[in-house]
Each structure stands twice: as C-alpha cells, then as structure tokens.
Amino acid sequence: MRQIEVMMNKYSESHQNKTNIAIHAIAVPSIFFVTLGLLWSIPVPEFMQHYNVNFAHLCAIPILYYYFKLSGPIGAAMTLMTLVSFGGIKLLERADISVWQFSLVLFVVMWILQFVGHKIEGKKPSFLEDVRFLLVGPAWWWGHWLKRMNIGY
C-alpha cells in the first residue's frame, strides 16, 4: 500500500463521527488558510521585499513538494488550495483587514472546534501520535473531493 493510502486510512480512523467530519470539513481548510496568513504576516528582510516574497511563499515550497511526493493529484489540489489561500490573503489586505489578527483569531477558533469534534468522536487527534498528520488533514479533506470527482490519489 502506498504511503498516502496508509496515512489517509490512519487519519480516517479518528474521523468517523459525522459531526467531527463536518467540523473538520470547515476547520481543516480554514486552518491551512490562516496558517499561511500568519506566515504571510511575518515581517521579511528587505531583499525578500524586493522580490515580493514572504515566509508563506517560502514555506509553501517544501510543503507542496511533500504533497506531490505523497500523490500527484493531492499535490495539485494542495497547490490550488495554496493559490486560493494566497488570493484570499490579498483580498483581506485590500479590504484593509489585519491579516495577522484575522488569522490568529480564526486559527484559535478553528483549533477549538477541532478539539470539540474529537471530544465528540471520543478519539484523540491524529497529530498527537505523528506530527505529519498536521499535513495529512488537508490531503484527507481533498481526498473526499477527489473521490467525488472520480480522481484517484
């Protein structure tokens, strides 16, 4: 069995309850978005400003590499999610909304929701067993959508 299948199956074990799944369907992509927002908000050195690059851009590269190593379709889906997240962050900036404040509040709220979901599920979050599951969560979310579109991962 491929590593992506093993990890997705293991992640699914602690995500069986419909309420927990629904919470994760909202919280997982939100946490991905606001994590990028927090990284985006870290002040960058002048040489990075010159190239219009920030820490969200730099962190996205190895993360997307990891997803592509797991699965081409998951890597492509996560690239789309990353680009949409970057667009959303730019929209926040254009609306004169503090990206770091918005991201921090939503980050805390979404993590609380996820822990509530796991309390309902009666199982601890997967990342407490293996930190890689912090990255598997968004892949698992995409896995549901890819299956609906009859795209294997």
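Helix α2 is the biggest contributor to the lining of the largest pocket, handing over seven residues. The model is a predicted one, so to speak of local features takes a pLDDT of at least 70 and side-chain atom pairs count only at pLDDT 80 or more, while totals for chains, interfaces and linings use all residues. Residues are numbered from 1 along each chain as its sequence is written, and side-chain values use heavy atoms, with hydrogens and water left out. Helices (H or I, at least four residues) are DSSP runs, numbered from the N terminus.

The largest pocket has a volume of about 400 Å³. A pocket here is an open set of points on a 1 Å grid over the protein atoms alone, where a 1.4 Å probe fits, with protein on both sides within 12 Å along at least five of seven lines; lining residues have an atom within 4 Å of a point. The volume is the space filled by probe spheres set on the points, which are joined across faces, edges and corners. Of its 24 lining residues, Ile31, Trp111, Leu134, Leu135 and Pro138 sit closest to the centre. At least two lining residues come from each of α2, α4, α6 (99-121) and α7. By type, the lining splits into 17 nonpolar, seven polar and no charged residues; Ala, Val, Leu, Ile, Met, Phe, Trp, Tyr, Cys and Pro count as nonpolar, Asp, Glu, Lys and Arg as charged, and the others, Gly among them, as polar.

The second largest pocket holds about 150 Å³ of space. Its lining is made up of Ile21, Ala25, Trp140, Trp141, His144, Trp145 and Arg148, with α2 and α7 as the elements giving two or more residues. This time α7 gives the most, five residues. Five of the lining residues are nonpolar, one is polar and one is charged.

Beyond its neighbours within four places in sequence, Ile89 is in contact (heavy atoms within 4.5 Å) with Phe33, Leu36, Gly37, Trp40 and Val99.

Asn54 lies in the loop between α3 (46-50) and α4 (55-70).
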